[in-house]
Every structure is written in C-alpha cells, then in structure tokens.
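Here is a short report on one protein model. Please look over the sequence and the structure before reading on.

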Amino acid sequence: MAIVENIRFIEKEIEGKGVTLVAVSKTKPVEMLMEAYNAGFMRFGENYVQELVDKHEAMPKDIEWHFIGHLQSNKVKYIAPFVSLIHSVDSLKLLQEINKQATKNNRVIDCLLQIYIAEEDTKSGMSEEECLEILKTETLEKLPNVRIVGLMGMTTLTDDEAQIRKEFKKLCEFFKELRPQKADRSEFSTLSMGMSGDYAIAIDEGSTMIRVGSKIFGGRIYQK
Ligand SMILES: *Cc1c(COP(=O)(O)O)cnc(C)c1O
C-alpha cells in the first residue's frame with residue numbers, strides 16, 4: 001500500500017509539469033511491482049538484463065519496461081523483443097547492436113544517449129562530442145531501427161546541491177542545443193534526469209523524465 005501512496009505522492013508533485021515518472025524496481029520482487037500495477041501504474045525501470053527478462057516473463061504484457069543500466073552488446077538480444085526505452089546507450093557500437101536486434105524483431109527501439117556529466121570518474125556515458133557524432137544524419141541513416149528520442153544523465157554522487165544543479169543545467173543546455181538541429185525529428189523530446197534524492201532539482205532544470213526507485217519501493221539490499 002505504501003508503494004501506491006508513494007507513487008501517488010510523486011505523481012502529484014509532477015502534475016502538469018510535463019514530466020514522466022519511471023518507477024525503478026531493480027532488486028524488488030514481482031509482488032511489489034504488482035502492487036503498483038494493480039493500482040494502474042505500468043512503467044518500470046530495471047538495470048540488469050536477466051532481472052528485466054524474468055520480470056517481463058512473470059508480469060502482464062502491457063507494462064512499459066525501461067532499461068536504465070549499463071548494457072553489454074551481447075545482451076541486447078534478450079530485451080530487444082519488448083523493451084520500451086533504453087536510457088543508457090553509451091556508444092555507437094551498442095547502438096548498432098540495438099539496431100540489429102530491433103531489425104530482427106521487426107521493431108524500432110527508442111533510445112536515449114547517456115551523456116557523461118558527473119565530475120567523478122565513471123565508465124558510464126559518452127561525451128558531448130561522441131553524442132554529436134552519433135546524431136549526424138549519415139550515422140543515423142544506417143540505423144533505421146533505432147530512434148534517438150533524447151538524452152539521459154546522472155550527476156556526481158554528492159550532497160552538494162549546487163554541484164548537482166550545475167550538472168543538470170549543463171545537460172539541459174546541451175539537450176536544448178541539439179533540439180533545433182533535429183527540428184524535423186520532433187521525437188527528440190526526452191530528457192531523463194533525476195532520481196529519488198535529486199528529482200526536484202532535475203525538474204527545476206528541465207527534466208522530462210525522472211527515474212525514482214528507493215523513494216517508491218524503499219531502500220535496496222544488495223547481496224555481495
Ligand atoms: C537505481 C537507479 C535509479 C534510482 O535510484 P534511486 O536513488 O533509488 O531513486 C535511477 N537511475 C539509475 C540509472 C539507477 O541505476
């Protein structure tokens with residue numbers, strides 16, 4: 001019950017702001033997701049391929065599944081038949097594989113390019129230069145079965161609100177820079193940024209999609 005209340009609370013906060021909520025359900029059992037589903041919520045985010053595949057199999061087929069974690073090329077084939085949006089495309093090579101698997105499944109798969117915005121050293125995401133390279137018409141023409149619908153970014157893990165705001169602002173500026181160039185492709189409209197601890201700041205700075213886990217489902221316990 002608390003799960004549904006948490007979702008309703010966040011939905012109320014984002015009402016009228018043009019922001020979509022993705023409930024990040026990683027590590028949580030199907031029963032918890034079903035509580036949300038039975039209350040009418042059907043958009044979940046997962047970051048492990050096997051877990052996503054298992055949950056997709058176990059749950060109703062009208063759910064919108066988002067993949068938000070680091071994706072290895074050799075695992076794309078498992079999620080390509082059903083995934084709604086891949087938030088975490090971090091290389092051209094990965095995008096090419098998604099295009100290949102989407103073609104096999106007769107689908108066009110929506111993707112976000114994950115941009116590296118944090119100051120800390122992390123392997124996830126690409127630079128703005130790499131992103132521009134991918135968005136070139138010549139590159140995209142060879143990838144007809146993927147549709148780049150926007151960008152995703154994660155900030156430095158810090159309590160420094162000014163730092164977080166700065167990083168979100170930077171990503172949003174880049175997003176806005178790209179949009180006019182893609183005026184013919186109105187689908188470039190998603191800016192996925194903001195998690196449990198920082199989604200209010202992210203929305204302030206232009207987010208259109210927030211990925212909220214612990215604030216809905218409670219903290220996660222990871223087994224070592
Ligand atoms: C786990 C995760 C989230 C959600 O994190 P919370 O702090 O629990 O809201 C969002 N985005 C990504 C990419 C994640 O891996």
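The sections below cover the overall fold, the surface and charges, and the cysteines.

## Overall fold

This is a predicted model. The protein contains 10 helices and eight strands. Along the principal axes, its C-alpha atoms fill a box of roughly 50 × 45 × 40 Å.

How does the radius of gyration fit a compact globule? For 224 residues, such a globule would have a radius near 17 Å. The protein has 17 Å, so the two agree.

Contacts reach across the sequence. Taking contacts with a separation of 6 or more, 58% join residues 24 or more positions apart.

## Surface and charges

Of the 224 residues, 50% count as buried. The protein exposes about 11400 Å². Carbon and sulfur atoms supply 50% of that area.

The charged side chains number 30 positive and 35 negative. The centres of these two sets lie 3 Å apart.

## Cysteines

A disulfide is a covalent bond between the sulfur atoms of two cysteines. How many disulfides does a search of the whole structure find? The search finds zero.

C131 is in no disulfide. Its nearest cysteine sulfur belongs to C111 and is 12 Å away. A disulfide needs sulfur atoms within 2.5 Å. Is C131 buried or exposed? C131 has a relative accessible area of 0%, so it is buried.

C172 is in no disulfide either. For C172, the nearest cysteine sulfur is that of C131, 14 Å away. C172 counts as buried because its relative accessibility is 5%, and the cut-off for buried is under 20%.

Technical notes. Residues are numbered from 1 along each chain as its sequence is written. This is a predicted model: local features need pLDDT of at least 70, side-chain atom pairs count only at pLDDT 80 or more; totals for chains, interfaces and linings use all residues. Side-chain values use heavy atoms; hydrogens and water are left out. Buried means under 20% relative accessible area, exposed over 50%, partly exposed in between (1.4 Å probe, protein chains only). Helices (H or I, at least four residues) and strands (E, at least two) are DSSP runs, numbered from the N terminus. The radius of gyration is taken over C-alpha atoms; the globule rule is 2.2 Å times the number of residues to the power 0.38. Contact means heavy atoms within 4.5 Å. Accessible areas come from the Shrake-Rupley method with a 1.4 Å probe; for residues, only the protein chains shown count as cover. Lys and Arg count as positive and Asp and Glu as negative; His and the chain ends are not counted. The place of a charge is taken as NZ of Lys, CZ of Arg, CG of Asp or CD of Glu.
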